Amino acid sequence: MQTTALYKALGLAFGALLVTACASKGDMEEGAGSSMTATEQQANEAADDAATRGVETASLSGEALQAEANAKLMEVTVFYFDFDQTTIKSDSKAALSAHAAYLAANKSARVVLEGHADERGTVEYNLALGERRAMAVRRYLLANGAAAGQLEVVSFGEERPAMMGHDDKSWSKNRRVEVKYQSR
């Protein structure tokens, strides 16, 4: 059982390192720093842990590790935004890169990017904000290998809240883009 957990940790570590190494070519942010994301830190910690225990990693297939890591990242389908912002957060980029890699490898896959906003602001403003957020995710996916024909953008503004309430916690869950696959 410990071996399985170790293989999973190593798989995630290798996949995260591979995704972040490949993602630098399509990074959409200006002035992106070299600070490590939480995913990279976890990957490095898992690799260090394996090395200190003398675990043999050469027997693992690199493709299998990458596939497992990408599968974990693909489970993330909701991406959150700060108040009145359309900038993709750095902790979302690894998962978005995994989605882009999947779309690049599977040309028949189609995805709808649903943009949302919290209840503050007018209906028209929130519809436009939801669209700008979805378009930011679309641009990131395009820059990282997805094809334009695979992506559809829809904005729901404030009309479909993920969480009811009139407080910061509720609002933070409603400022999002959801990635919904039509076919895989």
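I began with strand pairing and looked up Val112, whose bridge partner in E3 is Glu152. The model I am reading is a predicted one, and I keep that in mind for each entry below.

Between them the chain passes from E2 through H5 to E3, a β-α-β crossover that is right-handed. I then checked burial along E2: six of its seven residues are buried, so this strand is largely enclosed by the rest of the structure.

Next I turned to the nonpolar core. Which residues have the most contacts inside the largest one? I note Ile88, Leu96, Leu103, Val111, Leu113, Val137 and Leu141, in a core of 24 residues. Two or more residues each come from helix H3 (62-74), helix H4 (93-105), strand E2 (110-116), helix H5 (123-143) and strand E4 (176-183), and H4 gives the largest share, six residues. As background, I recall that nonpolar side chains tend to be buried together in soluble globular proteins.

I took Leu113 as an example and set aside its neighbours within four places in sequence; its contacts then include Ala134, Val137, Arg138 and Leu141, and also Glu152, Val153, Val154, Val177, Glu178 and Val179.

For H4 I compared length with expectation: 13 residues at 1.5 Å a residue should span 18 Å, and the end C-alpha atoms are 18 Å apart, which agrees. The buried residues of H4 are Lys93, Ala94, Ala95, Leu96, Ser97, Ala98, His99, Ala100 and Leu103, a list in which I mark Lys93 and His99 for a second look.

My last entry concerns a backbone angle: Asp84 has a phi near 55 degrees, a positive value in a residue other than glycine. Most residues other than glycine have a negative phi, so I recorded the setting as well. Asp84 is found in the loop between strand E1 (78-80) and H4, and with a relative accessible area of 34% it is partly exposed.

Conventions
Residues numbered from 1 in each chain as written. Predicted model: local features only at pLDDT ≥ 70, side-chain atom pairs only at ≥ 80, totals over all residues. Heavy atoms only, no water. Core = buried A, V, L, I, M, F, W, Y, C linked by side-chain atoms within 4.5 Å. Buried < 20%, exposed > 50% of the residue type's maximum accessible area, 1.4 Å probe, protein only. Helix = DSSP H or I, 4+ residues; strand = E, 2+ residues; numbered from the N terminus. Contact = heavy atoms within 4.5 Å. Expected span 1.5 Å × (residues − 1). Pairing = 2+ DSSP bridges. Right-handed = clockwise from strand over helix to strand, strands pointing away.
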